[in-house]
Each structure stands twice: as C-alpha cells, then as structure tokens.
Amino acid sequence: MRFLQFALMRALMAVITLMTVSLVVFTLMEFVPADCAERYVAFKQTSGQNITEADIQAERVRLGLDQPFFVRWGTWMGNVFFRGDFGDSCILRQSINDLLKDKFWISLGIALASLVVAYAIAVPVGIYAAASHNAFFNGTLRLMSYLGLALPNFLLALVVVLIWATVFDDLLIGIFSAEYRDAPWSVDKFLDFLGRAWLPIFILGWSATAFALQTVRALMLDEQGKLYVTAASARGISGQKLLWRYPARHAMGPVINSLGFDLNRIFNELPVVALILVLTESGAMLFEALARSNDQQLAGAIIFLLTASIVFLNFLTDIALALIDPRVRRGLLG
Amino acid sequence: MKKILLSGAAFFALPGMALAACPPITVANMGGIAPGEFPQQYELGAFQDAASCTMEFKGNPDAAALNAKIQGNPDLLPLAERIPEEPLVMVPYDSIGQYGGTLRALSNATEAGTSDFLSVRHVNFVRFSDDLSTIVPNIAKGWDWNEDFTQLTFFLRKGHKWSDGAPFTADDVKFWYDNLNFDENVIAKPKDFLLAGGEKMNVVVVDPQTVRFEMAAPKPGFLAHFANSYSQPFQPKHFLGTYHPAINPDADAEAKKIGFETGYEVVNFYHGQSDWTDTPTPMLRDLEKSTAMPFATQPTLESHIYITDTTEGRKLVANPYFHQVDTAGNQLPYISEQDELYINENEVRILKIVNGEVDYKSQSLQLPSGPQLLEGQEKGDYTVHLKPTIAQVVVGFNITHEDEAKRAIFSNVDFRKAMSVAINRAEMNETTYFGLGTPSAYIGFSPTPAFVDPKWTTYATEFDAAGAMATLDALGVKDADGDGFRDLPSGDPLVLNIQFATQGGPAAVYEFIAQNWKDVGINATVKEVTPDEYRSAQSANKLDIISWGKGQPVAIVLGNNELWVPPYENYFGSRNAMLWVKWLETEGAEGVEPPAWAKDMMDDVEAFQQAAPGSDTSNEIGARMAATMAEQLVFMGTVSAPNPIVHRNALKNFTEFKTWSYEYYRTYPYRATQWWLDQ
Amino acid sequence: MARSVAETKEAYFTASQYQLIRARFRRNRLAMISGWFLVLIILSGFFAPFLSPYDPTVAGRDKDYLNGAPQIPHFCDKNGCSWRPFIHGVEMKLDMTTLRRTPTVNEDKRLYMQFFVQGWEYSFADFSWNLPGDALDGRVKALTFTTHLFGLDGGKLHLFGTDGEGKDLFSRTLHAVWTSMAVGTIGVLIAFVLALIIGGVAGYFGGWIDSVIQMITDTVRTIPSIPLFMAISAILFEYYPEMSSETRFFVIACVLGLIGWPTLARRIRTHLLAERSQEYVLAAQLCGASSSHVIRRHLLPSFTSYILVDLIISFPYMVLSETALSFIGLGLKDPVNSLGVMLKNVSEADVLMNYQWEAIPAVFFVVLVLAFVFVGDGLRDAADPYSGTKK
C-alpha cells in the first residue's frame with residue numbers, strides 16, 4: 001500500500017516535471033525566429049500566388065497563432081499528451097509524427113545501448129581501481145576511460161569512418177544500408193542496423209564511461225571509508241571480496257539513481273555524432289531543425305521527447321530503488 | 001568524300017537487305033548509315049529507310065517484375081503494344097547497352113538539390129541536342145510554327161502510352177494547360193511562361209496526335225521552353241481527370257471513395273500543385289493512405305517512375321511503356337532501377353562519391369571539392385570532368401528589405417556598387433577557384449551574347465577597397481558607435497546576415513565576401529541553412545543578402561522572362577524585390593513602387609520575346625537589358641568558374657557534358673535514357 | 001630534517017584542511033604531472049600574443065602558404081651548420097591536374113630565425129563590449145606591445161603549419177587554448193555563483209522552499225543541455241546578429257554557466273542539509289549565532305574543499321560543451337578562436353586525410369581535458385578525509 005502511494009507520488013511528480021519542461025520548451029520555441037504563417041504563405045507562392053498582409057493574417061488565424069500564449073501552449077500540450085500528436089512542421093510542411101516515425105526510437109535505442117556499454121565498463125573498472133594498489137595498471141585503466149571523454153567525439157567518429165573506409169572499403173555512415181532503407185522492420189534489418197549502429201554506440205558509450213567512472217570511483221571511495229567496511233575487514237574479509245560484497249553493493253544505489261542523468265548526457269552528444277555519421281535519427285534532425293532551418297515545431301517535439309524519456313527513466317529508477325531499498329520510500333513520504 | 005561513298009554503297013545494297021535486322025549503330029560508329037534529320041536520333045521510319053532494315057523490338061527481361069512494383073499498374077501488355085507504333089530511335093553514344101542495374105544518385109532533401117537526378121528520367125515535347133543549340137524531337141515527333149510565331153503545333157506519336165498502359169493523346173496536353181495550370185484550385189496563378197503577351201493561350205486538340213498552342217502575341221521562344229523546362233506539358237487526364245470536377249461531374253464522389261473530401265484534394269495530392277516532378281508523392285504525404293489509392297504516384301511518360309518516397313530518399317523503376325528504342329530495337333531505358341538518397345551535408349556527399357557509392361552527380365558539387373574528388377578517381381573508379389558553368393554565384397542586396405532603414409540604403413545603387421568593388425574577385429578566384437575562374441559581373445544572360453557590350457561583363461568587378469570606403473563615407477554609412485564597424489546613416493548598427501545553402505554556392509565564397517565586407521567596415525555574418533529554409537526566408541522577405549547561382553542563355557530568356565521581372569526568379573532560385581512584386585500585383589495598393597528602370601526592363605523583356613531572334617530590334621533590346629542589369633547591380637556577379645561532374649566508369653554511354661549547368665536541364669541534352677551499367 | 005614521529009603526527013593533527021589536502025595531492029604523481037602541465041598551458045595561453053609570431057586571425061594569414069605543413073627549424077643542412085636555427089625557403093605551386101598546392105623546398109635558401117622581433121600589435125587588457133543599447137558599449141585597452149618571442153628573417157615561420165586560409169596554426173592554437181579556458185572559467189564561475197545562491201537557499205532553509213527549488217532544479221537538469229544550448233544560441237544570434245565576436249564569446253560563456261548550475265546546486269544543497277543537522281551547528285545556534293554567522297563561519301568552511309573540487313571537475317565539461325557548440329556552428333566564430341572553432345576545421349575528411357597537422361589543436365584539447373580530469377580526481381582523493389588513513 002505504502003509502495004503504491006510512493007509510486008503514485010513519483011508518477012505525479014514526473015507528470016509535473018514534464019509539464020514544466022513542456023512550458024520551457026514551448027517558450028523557447030516561440031522565440032525561434034520564423035513565423036509559421038509567413039513561411040506557409042511564402043511556400044504557397046511556389047504555385048504562383050503573391051503574398052498580401054491579409055493572406056498572412058488569415059494563415060495566422062488558421063494556424064491558431066493569433067491565440068494568446070497560454071492557449072497555444074495548452075493546445076500544444078493537450079495534443080501531445082492526449083493524442084500523441086505534435087502537429088506539423090511549417091518548414092517541411094509535414095506532420096511531425098510522420099517525420100519522426102521510428103526515428104526517435106532509434107535514437108533512444110542507440111542512447112540506451114551506449115548507457116549499457118558505459119556502465120559495463122565503468123562499474124568493474126571503478127570498483128577494481130578503488131581497490132587496486134597497482135598504480136600503473138590503475139592509471140592506464142583510468143586513462144583509457146577518460147580518453148573517451150577527452151577525445152572529441154565528432155573527430156573520433158570521422159577518424160573511425162575514414163579508417164574503416166580505407167581498410168574495408170565500406171562507409172559506416174547512415175543508419176541502414178540501401179537495401180533495408182525502406183524495408184519494414186525484420187531480423188535482417190535489425191542486424192543491418194547493428195552493423196552500423198555499433199559505431200555511435202561505441203563512441204557515445206566510451207565518452208559516457210568517463211563520467212560513469214568518476215561517479216563509481218567517488219562512491220566507492222566514500223563507501224570504503226565507512227565504518228561497516230572497517231568492521232568487515234576486522235572480521236577478516238579483505239581484498240576484492242570485501243569490495244564486491246559491501247561497498248560495491250551500497251554504491252550501486254546512487255549509480256542507479258543517476259542513470260537518467262547519464263542518459264541526458266548521452267543525448268547531449270548524440271546530435272553531434274549523428275551529424276558526422278549521417279544517422280538520420282532524431283538527434284541529427286534536431287541539429288538541422290535548430291541550426292539550419294529554424295524548424296521550431298520539430299525541434300520542440302524532439303527536445304520534449306528526449307526530456308520525456310529522461311523523466312520516464314528517472315521514474316523507473318526511483319521505483320526500482322524503492323523496491324530494493326525501503327529507506328528511499330520513507331525518505332519521500334517523510 | 002568517304003561518307004558519300006559509303007552511303008552510295010548502302011544504296012546499291014538496298015534490295016538485298018530490305019528485310020535485314022537493323023544495324024546496331026552508335027554515335028562512335030555510324031556504320032555508314034547517313035545521319036537523320038536530327039543529330040543522334042531518328043524516327044523509326046526514317047531509320048529503317050536510312051539503314052534499309054526492319055527493326056525487331058526487344059525489351060527488358062525483368063519488365064514484368066519491375067511492372068509489378070508499380071502500385072496500381074495492370075499486368076504488362078505484350079512488348080509490341082508497349083512501344084509506340086512510331087518510337088523514337090536513339091543512337092547510343094558508344095555501345096548497345098545491357099539491361100539491369102540500379103543507378104545510385106544523391107540529392108539534398110525532398111525538393112532540394114534534386115533537379116540533377118530529375119533530369120535523368122526527364123521527358124518533354126522536345127530537347128536540346130548535346131550541341132546545346134539544335135532542338136530535337138522527344139515526346140513530340142515533330143512541330144510546326146506558323147509564319148509569325150503565334151501558332152505552335154506538336155505532332156505526337158501514334159500508340160504512345162502512359163506508364164500504366166493507357167493511351168497518351170493531345171487531350172492530356174490540354175488537360176495540363178487548361179485544367180491544372182489555369183485552374184486556381186490547383187495553381188493559384190499561372191506561371192509567365194504559359195502566357196503570350198500576358199494572355200492565356202488557346203490549346204486546340206486537332207486530333208488525338210496533334211495539339212496546337214494558339215497565342216495572342218508572337219512567342220518564338222516557346223519551343224525552346226519545351227526543350228529546357230522541368231515542366232512537362234502533359235498530365236494523365238484518364239487518371240487525374242477522374243478526380244477533376246471540371247472533367248468528371250462525379251469527381252467529388254470518386255474522391256470520397258478513397259477517403260478525400262473533394263476531387264481537387266486528390267488532384268493536388270498527386271500533382272502537388274506544381275509542375276516539378278519531385279513534389280511529394282502520396283507515398284510521402286501519407287503512406288498509409290497511398291496504399292489504398294489507385295496509384296502511389298500518377299502515371300508518367302518519363303523513363304522511370306517512383307515506387308517509394310520517404311524523407312530519406314526515393315526509389316524508381318523503369319517505365320515499361322517508354323517511347324524510345326536503341327538502334328538494335330531494344331526498348332529504353334537500359335537501367336532497370338534508380339535509387340536516390342538524400343544527404344544534406346556536402347562533406348558526406350563527397351565521401352560517398354569518393355567511396356564509389358554514386359553513379360552520377362553534378363549538382364551541388366563545387367570546385368572547392370575538386371582536389372578531393374580528383375584524388376579519389378582511381379579508388380572510387382569514377383571520372384571527374386571540370387566543366388564551365390552557365391549560372392555563376394551571385395550575391396544581391398534585398399532591395400525591398402522589410403526594415404526601412406536597411407531598404408533605403410540597400411536600394412541605393414551607389415551603395416551596391418561600393419559593396420561590389422569591395423569584393424576582391426581576383427583573390428577569390430585564386431584561393432577558392434584555383435585560378436580557374438574569371439571574375440565577372442551579372443548581366444542576366446550567360447554565356448554573354450554577341451549583342452552585349454563587353455564592358456558590362458566586368459562592370460564594378462575591379463577591386464577597389466579605398467573607393468568603396470570613400471563611397472560609404474559619402475553615403476553616411478560611418479562608424480557611429482566606435483565599435484569598428486560602420487552603422488546605418490541613422491546610427492543604428494548595420495549587420496549583413498548572409499544566409500546561404502551549399503546548394504547555392506560554396507561556403508568559402510560567402511565567407512570570403514563577408515571578410516571583404518568587414519575589411520571595408522561593414523559587419524557581416526555568415527550562416528549555412530538548408531535550401532528549404534533559405535527559400536522560405538527569401539520568399540518571406542526575411543533576408544539581407546540574396547545568394548544563389550544565376551544566369552540564363554538567350555534561348556531560355558526567349559521563352560521565360562523570370563530573370564527580368566521582379567522578383568527576378570522563381571521560388572527555387574534567387575529572388576529579390578518582393579515588395580515591388582506586391583506593388584505590381586496589387587496595382588499600387590500595397591508594397592513598394594519599383595523604379596523606372598525596373599518597369600522599363602519588364603517592357604523590354606516582353607518586346608525581346610516577341611522580336612525575331614537575331615534581328616536588329618531583338619539585339620538592341622537585349623543589349624539594353626544586359627546593360628541595365630549590370631549597371632543596377634540588383635545582383636553582383638562573383639567569379640564564373642568550372643564545377644566538377646562525376647560519373648562512375650561503369651556507367652556507359654556517358655558523354656562529356658559541355659557545361660555544368662541547370663539551364664538546359666542538366667543531363668537532358670546528353671540522353672541519360674541510353675546510359676547503362678556495366679556490371 | 002629529522003623530525004620525530006611524534007612531531008609528524010603532531011603536524012598532521014594540527015594541520016589545516018588545506019595543508020592536508022596539499023600534502024595528499026603532492027603524493028599523487030599523475031595528478032601532479034597534470035597539474036604542472038595545466039600551469040604551463042595556462043601560462044602559454046596567457047602569453048599567447050607574445051609567443052605567437054603572427055596574428056591568429058585572418059589578418060595574419062600567409063596567403064603564399066595555404067595548407068602548409070609544419071616547419072621545424074634546424075641548425076644543420078647539407079651546406080653546413082649554423083648557430084642560429086633556420087628553415088629552408090619554400091614555394092607553393094598549384095598542380096593543375098590535382099588542384100593541390102605542393103611545396104618545393106629550396107635547400108640552398110636559408111631563412112634564419114630571429115628573436116624578440118617587432119610584429120603585430122597586441123594588448124593584455126583589451127575589452128570592448130557592445131550590448132544592445134548604445135549606453136552600455138565601451139572599450140578598455142592597456143598594456144599594448146608589439147614584441148614577439150620569435151620570427152623569421154625574410155619569410156614566415158609556421159611551427160604547426162597553416163590552415164586552408166593560410167592562418168598560422170601555432171598562433172591560433174595558443175590563442176584558442178586561452179579562449180577555451182576563459183570561456184570555461186566564466187562559465188564555471190557563473191554556474192558556481194548561481195549554484196551557491198540557489199543551492200544555499202534550498203539547503204539552509206529546507207522545507208517547502210527546498211521542494212520548490214528542487215523541482216525547478218530537476219526540471220532544468222532534465223532537459224538535455226546541448227539541445228538547450230542549441231536552442232538558446234540559435235535564438236540569441238538570430239535576434240542579435242550585430243553581436244560582436246567578443247560579446248558572442250561572453251554570451252556563450254554565460255549560456256554555459258546558466259545551464260551548468262543545477263548539478264552543483266544540488267550538491268551544495270545536499271551537503272548543507274546534511275551538515276545543518278550536525279551537532280556543531282546546533283551548538284553554534286544555541287550559543288545565539290545568527291544564520292549568516294552560522295553559514296559563513298561554520299557551514300561554508302566545512303565544504304569549501306568539496307566545492308573547489310567540484311569546480312575543477314566541472315571545468316572540462318564546460319570546455320567540452322563549448323567545443324560541441326562551436327562545432328555545430330552555434331558557438332564561437334572567427335575571429336575569436338577557441339579549440340572548438342579549430343576542431344570544427346579539422347572535422348573534414350579532406351583535411352584529416354591530407355593535412356593532418358591541422359589536427360594539432362585536437363592534441364592540445366585532449367591533453368587539456370585529461371589534465372583537468374586527473375587534477376580533479378587527485379583533488380577529490382586528497383580532499384577525502386579518509387583517503388589518508390587508508391594508505
């Protein structure tokens with residue numbers, strides 16, 4: 001019962017956060033230059049029509065741009081929350097849902113896979129590094145992990161692509177090969193996808209490793225100093241065994257808790273990597289929408305979706321933590 | 001002498017060869033067959049007579065499979081019924097091709113940077129031959145002008161069919177003209193090229209194979225229009241007419257059956273309210289809906305037809321009813337499929353080409369990428385040709401800027417001249433064009449016709465930073481706030497925000513110009529945008545600086561006045577003076593009144609189109625038009641330089657292009673239908 | 001020298017927190033090396049104008065040496081040795097079949113290096129700002145010099161080569177390092193001040209104030225920051241295209257700071273919440289100490305070391321963000337040079353394949369970030385009160 005209460009509370013908070021985010025995003029997008037009405041009317045000119053002020057006004061009314069800010073935000077949010085409809089992009093003159101289709105899921109898939117890679121490296125390395133007294137080995141491990149952060153990911157992506165092209169005569173760019181581009185999802189298409197997606201996953205994962213490692217290291221150091229560890233070592237448990245048994249387990253709580261923000265960090269880097277690798281997923285679309293085409297609706301929709309997935313992941317990790325650790329539940333309900 | 005001897009030999013041998021199969025001649029080896037009326041092609045009868053043979057037809061062995069991929073197409077008719085009774089015989093350049101393969105092409109995005117690839121499958125009544133001066137038949141087998149250039153008659157091919165097997169007739173031409181271009185539910189305002197002396201023409205269906213355009217004023221350039229324009233003067237009446245309320249009284253009822261409110265909605269869903277052949281097809285507009293519709297895209301006469309259309313690219317298959325055959329009787333096109341991929345990043349396009357993943361590309365390739373492209377030739381197994389351009393990159397000031405202070409200064413011709421001489425074109429040529437270009441002014445016509453005084457081709461192109469600064473000082477464009485940059489006479493800051501798309505010109509050129517302008521104290525910023533954004537901002541009158549390629553040959557100006565009348569080009573090109581247009585449209589009620597020279601130039605181009613080409617009157621008017629264009633500096637020329645054309649070595653029957661240009665519709669003169677892929 | 005064990009112990013127990021941290025940090029060799037490297041690179045960034053032979057902007061370009069390879073001065077060649085380092089004369093020729101410029105070295109022509117030469121003018125204090133509105137504009141210029149460490153007699157020396165426009169990469173790199181550091185510093189400082197205020201208020205007062213602030217912080221923290229940067233810069237630069245490059249620089253730094261505060265704020269708040277309930281605070285309060293006294297004298301000192309470490313750790317992330325932003329064209333632009341601007345230039349296949357020296361700034365970038373991370377790790381370990389007892 002208490003757990004249900006906790007979960008509901010968390011869900012409510014997630015929804016409130018989402019609403020606030022949608023307000024922030026919507027406000028920002030309002031400021032992106034390019035008046036939708038003008039753009040629509042300008043396009044109509046391709047078919048020979050000329051623009052008058054009256055046309056623009058009429059278009060503004062048709063698009064609902066003459067409504068007050070909060071009404072437009074409300075409409076937008078209503079459509080998003082209840083109908084899953086992001087409206088039309090006025091630069092591309094297409095429904096955003098059609099434009100995005102499975103592209104957002106591809107981005108999310110790549111980002112989550114990178115997250116898994118990052119922790120698959122960071123957790124063992126972090127725990128080991130905390131205990132190891134081999135300074136050289138320790139240093140090398142850390143150097144390798146931090147290199148992921150220090151090497152600019154776009155440069156790394158380009159270098160890998162160029163080397164791959166010279167050695168294997170295959171350009172690792174795009175999400176799918178020509179054969180599967182328009183095909184419906186199938187096992188083969190998925191394998192084709194993996195054949196290319198490993199590169200962004202590797203690059204994003206590597207660079208996320210650095211931060212994950214810093215977190216794990218810091219937590220391990222904190223935990224190691226605590227009394228229960230001293231107590232355990234007094235009982236004669238030592239070395240790796242001690243490490244894995246006690247502090248590692250405790251350190252995992254905060255790590256799980258920070259997963260959502262790690263996803264956030266990966267989303268940060270996704271557009272840049274996607275740009276270089278011509279991943280026609282939502283990261284690259286976001287870049288194009290903001291930097292090249294002032295496509296406010298598309299940019300807003302993508303930022304909102306990215307944020308929503310972070311909020312959702314945060315919600316999930318909260319629930320997971322509460323399941324494992326009853327202290328968390330009590331913490332929230334006071 | 002030798003030629004006469006050979007054809008004499010053919011004459012004597014005639015009786016014995018009457019029933020022989022036709023010789024597979026090529027442009028490289030004509031086998032002694034006399035050329036026909038037009039270079040590199042024959043009408044079937046003429047060819048059979050010339051070679052004294054009877055042609056046997058063959059088709060793509062995969063035709064049935066390809067036909068099955070075209071949504072809504074009925075089962076394939078037998079080959080004899082798929083080829084017109086009067087097919088066009090194309091003489092291939094080097095070899096009789098093999099069927100099959102997929103031509104891989106790159107474009108920038110939906111409706112952006114696509115014309116290069118559109119031209120590969122393009123058809124029109126006529127086309128320019130590869131000498132870029134002879135007009136030769138294509139969809140029409142012939143044409144006829146009346147004495148005073150007011151009536152143009154086209155003769156169509158008997159048995160010619162749309163890609164779904166339905167007959168193509170003169171009614172399809174009239175349908176295109178009357179029911180699409182002159183129906184405001186489809187196209188709000190007809191394009192100028194459809195008018196003669198400002199008036200609608202009368203399209204007369206003489207018989208199913210004869211159609212006549214009757215004009216209110218002479219328009220000798222109208223034929224050339226059909227040779228170079230993207231706009232195809234026919235649409236499938238048998239299909240689109242079903243949903244067109246003017247053709248079918250039950251159109252709306254038909255539309256409801258497939259989930260639309262009105263018939264016009266269906267027509268526009270297919271036709272896209274534009275004659276461009278790359279407007280989104282129903283497959284892109286609404287994939288789910290399109291699968292329930294009779295066709296995924298309307299039937300065509302082109303060599304290939306769309307089978308998929310997404311935001312990533314499009315795929316096409318060969319039209320099984322195409323009207324051309326080669327000299328051995330093989331129905332064209334040879335290439336079975338086409339695959340167009342959208343990539344907006346120049347850098348990535350180059351990578352794809354260097355890696356040999358593109359069979360042909362010219363549009364959007366620019367000289368600054370030359371070294372990289374040349375270097376990759378061997379590895380990518382392709383060849384690069386550097387060919388002169390017709391249009392050059394121009395920059396123009398938005399002379400009817402929304403901001404009145406800016407408008408006042410931009411519309412001052414002294415200011416424009418100062419900004420033009422502030423550009424160091426010689427250095428631009430050295431650093432970005434490897435010294436291969438020529439600094440030049442923009443005069444509208446390109447190449448420069450003989451009637452233009454050569455002094456205009458270099459007007460205000462001589463670098464003179466000191467002179468530019470002196471003029472700016474005199475105009476009151478001085479640094480008022482001490483930030484190191486000049487401000488508007490009012491004291492408000494002046495910043496030129498140069499937005500450009502790489503499709504319109506190399507980034508290096510715009511950055512160079514911005515630097516030159518900063519050197520004379522005018523602050524300028526450079527931002528790359530997508531072609532889509534550039535165009536809509538341009539037409540919404542939101543730009544400071546207009547930038548794109550520009551310039552047309554005389555032959556095209558004769559049929560199309562768009563470079564000479566505000567806004568000086570269409571939505572897809574570089575246009576300016578949007579508020580003058582508004583003034584003209586509303587007859588002075590809104591907008592800004594154009595100056596006298598602009599109004600004079602509008603009259604001039606009309607007179608130029610009506611005068612007999614080459615006559616003294618025509619030359620005099622033409623010279624005046626070029627002089628005004630150069631002197632007013634509505635657009636400033638930069639450097640005309642060659643650009644790269646790339647084709648894979650496996651792409652056969654590819655002839656070297658004369659120019660790298662849009663103006664003759666890119667590959668259209670070089671007959672992409674007879675290209676084939678050596679696999 | 002020979003201090004007794006008791007003395008050492010005594011020193012240990014009476015040492016201040018900073019002395020302890022310093023002592024522990026010194027024992028970490030990797031962190032020490034990184035630290036010295038940082039000092040070196042910061043100094044060379046500060047003295048960049050003096051160390052650079054040429055103006056890093058397009059004004060200092062060498063148009064006869066475009067995409068030129070690095071030139072390494074030597075003392076000896078086939079014609080013998082010289083006490084003064086020299087390079088050979090080079091001429092660039094455009095090969096019309098490949099459209100590439102290839103160098104021809106004239107081994108008989110020696111160009112000697114000179115030291116303390118006069119060159120382009122620079123000043124160590126030159127600030128001008130051009131904010132919207134005339135009254136807010138201004139300029140300060142002082143400490144102007146024209147002397148440079150080295151130059152070349154009768155030619156130009158490019159230690160790191162040149163880029164496609166002929167700009168000297170050595171000069172550019174040094175300046176870029178300084179710019180990136182400056183952006184990072186301003187960004188971190190703004191973030192720090194914001195975090196201190198917001199986190200401090202939340203942590204000290206707790207209760208509903210804390211809940212509201214936490215909600216806002218979490219929301220800002222949730223939105224991916226680069227997309228947020230992209231949106232903010234796209235908007236700012238669209239509305240104020242007249243922004244000078246210096247203002248742009250400042251704005252970018254502010255944007256970085258404005259978005260970077262939540263993580264720090266959260267740490268401060270958590271720490272304060274924890275410390276607030278410690279006995280010593282209660283003791284102080286019972287003695288009648290005011291809120292501000294408690295915060296200043298007791299709470300702040302208790303975690304300054306943590307905050308400093310956090311600042312150092314968040315520094316490379318600021319630099320990275322600037323780089324990403326500049327890379328996508330929404331950050332800094334010429335003539336202001338940052339590592340991001342320079343990395344953008346190398347992110348072309350052609351440059352990477354043919355003009356690898358243009359990637360030298362990337363090496364600086366990598367080393368700079370690594371140095372910061374290691375120093376940060378070192379400081380964190382040193383600041384951890386338990387780390388000393390462990391080893």
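**Figure 1. The loop of chain B that holds Glu111(B).** In this predicted model, Glu111(B) sits in the loop that runs between strand S3 (102–107) and helix H5 (115–121) of chain B. Its phi is positive, about 60°, although Glu111(B) is not a glycine. Most residues other than glycine have a negative phi, and most peptide bonds are trans. Glu111(B) has 21 C-beta neighbours inside 10 Å and therefore counts as buried, the cut-off being 20 or more.

**Figure 2. The loop of chain C that holds Asn67(C).** Asn67(C) belongs to the loop between helix H4 (48–51) and strand S1 (74–77) of chain C. This residue, which is not a glycine, has a positive phi of about 50°. Asn67(C) is buried because 21 other C-beta atoms lie within 10 Å. Of the 391 residues in chain C, 39% count as buried. The chain as a whole contains 14 helices and four strands. Where contacts in chain C link residues at least 6 apart in sequence, 73% of them join residues at least 24 apart.

**Figure 3. Two cis peptide bonds in loops of chain B.** The bond from Ser446(B) to Pro447(B) is cis, and its omega is near -5°. Pro447(B) lies in the loop that connects strand S19 (438–439) with helix H19 (465–474) of chain B. A cis bond is also found from Pro566(B) to Pro567(B), with omega near 5°. Here the loop is the one between helix H22 (554–557) and helix H23 (578–585) of chain B, where Pro567(B) is located.

**Figure 4. An open antiparallel sheet in chain B.** Three strands of chain B make up an open sheet, ordered S16-S25-S17, with antiparallel pairing. Strand S16 (360–361) and strand S17 (382–387) of chain B each have a single partner strand and stand at the edges, so one side of each has no neighbour in the sheet. Strands of a sheet pair through backbone hydrogen bonds, either parallel or antiparallel. Six bridges join S17(B) to strand S25 (residues 643–648) of chain B in the antiparallel sense. Within S25(B), Val646(B) is the residue opposite Val384(B).

**Figure 5. Helix H4 of chain A and the glycine after it.** Helix H4 of chain A covers residues 69–83, 15 residues in total. From first C-alpha to last the helix reaches 20 Å, close to the 21 Å expected at 1.5 Å a residue. Gly84(A) follows H4(A) and has a positive phi, near 60°. Chain A contains 16 helices and two strands. Of its 334 residues, 45% count as buried. Among contacts in chain A between residues at least 6 apart in sequence, 72% are between residues at least 24 apart.

**Figure 6. The side of chain A that touches chain B.** Contacts between these chains involve 27 residues of chain A and 35 residues of chain B. On the chain A side, helix H2 (36–44) and helix H14 (282–292) each supply at least two residues. H2(A) provides the largest share, four residues. By class, this side of chain A has 10 nonpolar, 10 polar and seven charged residues.

**Figure 7. The side of chain A that touches chain C.** Here 40 residues of chain A are in contact with 39 residues of chain C. Several helices of chain A each supply at least two residues to this side, among them helix H1 (2–31), helix H9 (187–224), helix H13 (259–277) and helix H15 (296–324). H13(A) gives the most, with seven residues. The residues on this side of chain A are 32 nonpolar and eight polar, with no charged ones.

**Figure 8. Packing of H1(A) against H6(C).** Two packed helices are described by the angle between their axes and the distance between the axes. H1(A) packs with helix H6 (residues 207–222) of chain C at an angle of about 60°, and the axes are 10 Å apart. The crossing of H1(A) and H6(C) is right-handed. From H1(A), Thr17(A), Thr20(A), Val21(A) and Val24(A) meet Asp218(C), Thr219(C) and Thr222(C) of H6(C). This contact of H1(A) with H6(C) comprises two nonpolar, four polar and one charged residues. An α-helix has 3.6 residues a turn, so residues three or four places apart point the same way.

Note on methods
Residues are numbered from 1 along each chain as its sequence is written. Chains are lettered from A and ligands numbered from 1 in the order in which they are written. This is a predicted model: local features need pLDDT of at least 70, side-chain atom pairs count only at pLDDT 80 or more; totals for chains, interfaces and linings use all residues. The expected span of a helix is 1.5 Å times one less than its number of residues. A residue is buried if 20 or more other C-beta atoms lie within 10 Å of its own, exposed if 12 or fewer, and partly exposed in between; C-beta atoms are placed from the backbone. Two residues are in contact if their C-beta atoms, placed from the backbone, lie within 7 Å. Two strands pair if DSSP finds at least two bridges between them. Ala, Val, Leu, Ile, Met, Phe, Trp, Tyr, Cys and Pro count as nonpolar, Asp, Glu, Lys and Arg as charged, and the others, Gly among them, as polar. Axes are lines fitted to C-alpha atoms, for helices over the stretch in contact, and angles run from 0 to 180 degrees between N-to-C directions. A crossing is left-handed if the near helix is turned anticlockwise from the far one by less than a right angle, and right-handed if clockwise.
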